[in-house]
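Here are a few notes to read alongside the model. Take them one at a time, and keep the structure open as you go.

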Amino acid sequence: MRNFGFFNATHFIFKHSLWYFFIIPVVLNIVFFALGIVFVDDLSDYLLGLVQFDTSYSWLQYGVGFLTKIMVWVISLMILFITGGYVTLILMSPVLAYISEKTEIIITGKTNMFSINQFLNDIIRGIAISL
């Protein structure tokens, strides 16, 4: 059984000039990642300031600080990666609805009139699905 679905879809996307819609989620994820890195760095520095204690064992303070920073980074980045995908889907739902309509027009030739009510329903449906 041969399945060339991915290659057919990629060819379809480039043939009908739909590739530029795939730049939007990439840019959104880069922005979320950059903002997340700044937030995580500030959060880890703040928590590191809370963990510091007065001791004559400098190696202990260094070890606790190092482990605290690693734990904050790992947990925060996991949360960022999980929520970033959902936020991207929520923000992309109107664009995905438009791409779906455009693809239907290309494949079937059937055109639909634009309706603001249907557009808002698509936004709500996309948000509900991603949550």
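1. Helices here are DSSP runs of H or I with at least four residues, numbered from the N terminus. Helix α1 covers residues 5–15 and is hardly covered, with a buried count of 1 among its 11 residues. Buried means under 20% relative accessible area, exposed over 50%, and partly exposed in between (1.4 Å probe, protein chains only).

2. A word on what you are looking at. This is a predicted model, in which local features need pLDDT of at least 70 and side-chain atom pairs count only at pLDDT 80 or more, while totals for chains, interfaces and linings use all residues. Residues are numbered from 1 along each chain as its sequence is written, and side-chain values use heavy atoms, leaving out hydrogens and water.

3. Now for the salt bridge. The structure holds 1 of these, a salt bridge being a side-chain nitrogen of Lys or Arg within 4 Å of a carboxyl oxygen of Asp or Glu. The partners are aspartate 45 and lysine 69, whose closest N and O atoms are 3.0 Å apart. Aspartate 45 lies in helix α2 and lysine 69 in helix α3, so the pair ties together parts that are 24 residues apart in sequence. Aspartate 45 is partly exposed at 38% relative accessibility, and lysine 69 is partly exposed at 26%.

4. Look next at isoleucine 107, placed in helix α3. Is isoleucine 107 buried or exposed? Isoleucine 107 counts as exposed, because its relative accessibility is 60%. Its C-alpha atom is separated by 10.0 Å from that of phenylalanine 12, although these residues are 95 apart along the chain.

5. Finally, please find the largest pocket, which holds about 220 Å³ of space. A pocket is an open set of points on a 1 Å grid over the protein atoms alone, where a 1.4 Å probe fits, with protein on both sides within 12 Å along at least five of seven lines; lining residues have an atom within 4 Å of a point. The volume is the space filled by probe spheres set on the points, which are joined across faces, edges and corners. Its lining has 14 residues, with Ala97, Tyr98, Glu101, Gln118 and Asp122 nearest the centre. Two or more lining residues come from each of α3 (58–108) and α4 (116–130), and α3 gives the most, with 6 residues.
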